[in-house]
Amino acid sequence: MNPPAPVDPSARPGFVSRAPRLGFVPSLDGMRGIGVAMVLVGHALFEYLESWVTIVDTFFVLSAFLIVTLLLQEANSTGRVRIGRFYQRRALRLLPSLALFVATWLVVAAIGTVFGVEGLSLARSRRMPVRRSATCTTSSIPTACT
């Protein structure tokens, strides 16, 4: 028997995209930004607004598309995907925004505490009543349906 032919490391079997790099797409970031803003407003005014689950679903679909695109681009350009490096890049991109978000809400909560705004206070407030759901049945958790 003949030994197997050597494999060329530059030849990658399977699907290889011929599409150009995605790069920065402002409209996708704009859609995600609007979605984040809508979710924040929905959480802040949850007593007055109905669910905006559709925008959350859209946010996750767009995020998944962008993540998979980045992973495929890395696989096409380097021949492999380094998950640790991928998460490191995501952390460097997202953690500064998270720190700003937390700091902003701490300032808002401190101002709410000083001026006595119950919904924005750092002080412990009364437990908010649970709204009765139209889907409550006898098999539901009793505390959620009373």
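The structure is a predicted model.

**Helix packing**

Two packed helices are described by the angle between their axes and the distance between the axes. The table gives these values for both pairs.

| Pair | Angle between axes | Axis distance |
|---|---|---|
| Helix 1 and helix 2 | about 145 degrees | 9 Å |
| Helix 2 and helix 3 | roughly 130 degrees | within 12 Å |

Helix 1 spans residues 26-44, helix 2 covers residues 53-78 and helix 3 covers residues 83-115.

The crossing of helix 1 with helix 2 is left-handed. On the helix 1 side, the residues in contact are Leu28, Met31, Arg32, Gly35, Val36, Met38 and Val39. Helix 2 meets them with Ile55, Val56, Thr58, Phe59, Leu62, Ser63, Phe65 and Leu66. Sorted by class, this contact has 11 nonpolar, 3 polar and 1 charged residues.

Helix 2 and helix 3 cross at roughly 130 degrees. Angles over 145 degrees count as roughly antiparallel and those from 65 to 115 as roughly perpendicular, so helix 2 and helix 3 are oblique to each other. Their crossing is right-handed. Helix 2 contributes Ile67, Leu70, Leu71 and Glu74 to the contact, and helix 3 contributes Phe86, Arg89 and Arg90. The classes here are 4 nonpolar, no polar and 3 charged residues.

**The largest pocket**

Rolling a probe the size of a water molecule over the atoms shows where empty space is left. In this model the largest pocket holds about 1,100 Å³ of space. Its lining is made of 30 residues, and those nearest the centre of the pocket are Asp29, Arg32, Phe59, Arg93 and Leu94.

Which helices supply the lining of the largest pocket? Helix 1, helix 2 and helix 3 each give at least two residues to the lining. Helix 2 provides the largest share, with 9 residues. By class, the lining comprises 17 nonpolar, 6 polar and 7 charged residues.

Two of the residues nearest the pocket centre, Arg32 and Phe59, also belong to the contact of helix 1 with helix 2.

Definitions and conventions: Residues are numbered from 1 along each chain as its sequence is written. This is a predicted model: local features need pLDDT of at least 70, side-chain atom pairs count only at pLDDT 80 or more; totals for chains, interfaces and linings use all residues. Side-chain values use heavy atoms; hydrogens and water are left out. Axes are lines fitted to C-alpha atoms, for helices over the stretch in contact, and angles run from 0 to 180 degrees between N-to-C directions. Helices (H or I, at least four residues) and strands (E, at least two) are DSSP runs, numbered from the N terminus. Angles under 35 degrees count as roughly parallel, over 145 as roughly antiparallel, 65 to 115 as roughly perpendicular and the rest as oblique. A crossing is left-handed if the near helix is turned anticlockwise from the far one by less than a right angle, and right-handed if clockwise. Contact means heavy atoms within 4.5 Å. Ala, Val, Leu, Ile, Met, Phe, Trp, Tyr, Cys and Pro count as nonpolar, Asp, Glu, Lys and Arg as charged, and the others, Gly among them, as polar. On a 1 Å grid over the protein atoms alone, a cavity is a set of points where a 1.4 Å probe fits but cannot get out, and a pocket is an open set with protein on both sides within 12 Å along at least five of seven lines; lining residues have an atom within 4 Å of a point. Grid points are joined across faces, edges and corners, and a volume is the space filled by probe spheres set on the points.
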